[in-house]
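Here's a quick briefing on charged pairs and a helix-helix contact. Have a look at the model first, then read on.

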Amino acid sequence: MQNHNGMADTSKQILKSNFLIVYKQLECAIHEYASSGHTTGNLTYVDAYLAASIHAAMDYIERFKKIKLSKKVISACRYANNTLKHNPRLITHRKAIGGFEFPFGAEESFSFEEIDIVWNFDPSITMDLKVHDPKVRENLERCFNYRKACFKSTFAGKSILETLEPVFYAISND
């Protein structure tokens, strides 16, 4: 494949570019949502670019394994990616926080918290393992539970952009 200069792109350049493009679109979608001033807006673009960013990051990380990221962050990304791809239920890994909601009670003071999109953690998520070999199943469950714990401790309840920022910089600078 050739780039705009007629030079051959390497797979590393292509995978890096894929991630950087969809991550920047995720940033734009989150900033646009947050600037809308409420928490009931349309999160379709956030969902799409979040899934695409996680997929693209994992494509890059899996292919070029010497990336400078903590094992916990990589495992958290792997959990997010795998649950999006392999979970039998439709799930989301995001939730909007902040803004304001009506009605306000008489004893409540009015406050307007900054809107952010954070990682949602659903402890009931399981993997649909169609494996009959007990040893293989046990190993897959152990891996899944480790990744789930990494996701919970590293990403859950935290800003999506803040937690993915190290991934962005690691891939950008690789």
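Which side chains meet in a salt bridge at 3.3 Å, N to O? Those of Lys 12 and Asp 174 do, a salt bridge being a side-chain nitrogen of Lys or Arg within 4 Å of a carboxyl oxygen of Asp or Glu. Keep in mind that this is a predicted model, where local features need pLDDT of at least 70, side-chain atom pairs count only at pLDDT 80 or more, and totals for chains, interfaces and linings use all residues. Residues are numbered from 1 along each chain as its sequence is written, and side-chain values use heavy atoms, with hydrogens and water left out.

**Salt bridges**

- Helices here are DSSP runs (H or I, at least four residues), numbered from the N terminus.
- Lys 12 counts as partly exposed because its relative accessibility is 30%, and Asp 174 gets that label at 32%. The scale calls under 20% relative accessible area buried, over 50% exposed and anything in between partly exposed (1.4 Å probe, protein chains only).
- Lys 24 and Glu 27 also pair up, at 3.1 Å from N to O. They're three residues apart in helix H1, so about one helical turn separates them.
- Lys 24 is partly exposed too, at 37% relative accessibility.
- Over in helix H4 (residues 134-154), Glu 141 and Arg 137 are four residues apart, about one turn of the helix. Their side chains form a salt bridge at 3.5 Å, N to O.
- Glu 141 comes out partly exposed at 35%, and Arg 137 does at 29%.

**How H2 and H3 meet**

- Two packed helices are described by the angle and the distance between their axes.
- For helix H2 (residues 44-63) and helix H3 (residues 71-86), the axes come within 9 Å and cross at roughly 125°. Axes are lines fitted to C-alpha atoms over the stretch in contact, with angles from 0 to 180 degrees between N-to-C directions.
- H2 and H3 are therefore oblique to each other, a label for angles that aren't under 35 degrees (roughly parallel), over 145 (roughly antiparallel) or 65 to 115 (roughly perpendicular).
- Residues in contact (heavy atoms within 4.5 Å) include Ile 54 and Met 58 in H2, and Ile 74 and Leu 84 in H3.

Technical notes
Helices (H or I, at least four residues) and strands (E, at least two) are DSSP runs, numbered from the N terminus.
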